[in-house]
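Visitor: I am new to this structure. Please show it to me, and then I will ask my questions.

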Amino acid sequence: MKKKFFFMGTAIFLMSLLTLSSSAKENINYNSKFKEAESLIAKGNPKSAAKLLDEIKSSAKKEGNSQYYIKSLLMYIATDSIVNEFTTEKRINALIEEGKSLSFPEKAVIDSITAKVIWNYYTMNRYRFAQR
């Protein structure tokens, strides 16, 4: 459970660092959708939140809005891992697959997040690797 909160916390922190431009109308639209997704998660309905976040991710990618695409991707992976019981390995693979289709600024952010998740996985399971 700590891993999921850490992953979501890392995602929110990194999203606060991104300052890509987009119009105010789009911000309000995306912000309201994110608030709706967060309220669904808080109410204990992560399946609906994952569906909404997937829609946000698709529309942000189609519009080329990197900031909201990355935020929705990270929230989607964290939320979908609750619904489908993703393991850390599956999260890492999902991040790697998403990173393959991105260009420079988005790819760098996703690669950095992937590296952080891999490092955390290693530190939590170091004893497994040492016994090999």
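Visitor: How many helices and how many strands does the chain have?
Guide: This is a predicted model, in which local features need pLDDT of at least 70 and side-chain atom pairs count only at pLDDT 80 or more, while totals for chains, interfaces and linings use all residues. Residues are numbered from 1 along each chain as its sequence is written, and side-chain values use heavy atoms, with hydrogens and water left out. Helices (H or I, at least four residues) and strands (E, at least two) are DSSP runs, numbered from the N terminus. The count is seven helices and zero strands.

Visitor: What percentage of the residues count as buried?
Guide: Buried means under 20% relative accessible area, exposed means over 50%, and partly exposed is in between (1.4 Å probe, protein chains only). The chain has 132 residues. The buried part is 37%.

Visitor: How far does helix α3 reach from its first C-alpha to its last?
Guide: Helix α3 covers residues 46-63, which is 18 residues. The expected span is 1.5 Å times one less than the number of residues. For α3 that expectation is 26 Å, and the model comes close to it, at 25 Å.

Visitor: Is Ala50 buried or exposed?
Guide: Ala50 is found in helix α3. Buried residues of α3 include Ala49, Leu53 and Ile56. Ala50 has a relative accessible area of 4%, so Ala50 is buried.

Visitor: What separates the C-alpha atoms of Ala50 and Met75?
Guide: Along the chain, Ala50 and Met75 are 25 residues apart.

Visitor: Are α3 and α4 roughly parallel or roughly antiparallel to each other?
Guide: Axes are lines fitted to C-alpha atoms, for helices over the stretch in contact, with angles from 0 to 180 degrees between N-to-C directions. Under 35 degrees counts as roughly parallel, over 145 as roughly antiparallel, 65 to 115 as roughly perpendicular and the rest as oblique. The axes of α3 and α4 (residues 66-84) come within 8 Å and cross at roughly 155°. The two helices are therefore roughly antiparallel.

Visitor: Is the crossing of α3 and α4 left-handed or right-handed?
Guide: A crossing is left-handed if the near helix is turned anticlockwise from the far one by less than a right angle, and right-handed if clockwise. α4 passes α5 in a right-handed crossing. The crossing of α3 and α4 is left-handed.

Visitor: How many residues of α4 are buried?
Guide: α4 has 19 residues and reaches 26 Å from its first C-alpha to its last. α4 is mostly covered. The buried count is 14.

Visitor: Which ring does the charged end of Lys57 sit over?
Guide: A charge sits over a ring if NZ of Lys or CZ of Arg is within 6 Å of the ring centre and within 35 degrees of the ring normal. Lys71 lies over the face of Phe34, at 4.5 Å from the ring centre. The charged end of Lys57 is 4.9 Å from the centre of its ring, which belongs to Tyr76.

Visitor: Is the pair of Tyr121 and Phe129 stacked or edge-to-face?
Guide: Rings of Phe, Tyr and Trp (its six-membered ring) pair if their centres lie within 6.5 Å; planes under 30 degrees apart count as stacked, over 60 as edge-to-face and the rest as tilted. The structure holds five aromatic pairs. The rings of Tyr121 and Phe129 have centres 6.3 Å apart and planes at 75°, so this pair is edge-to-face.
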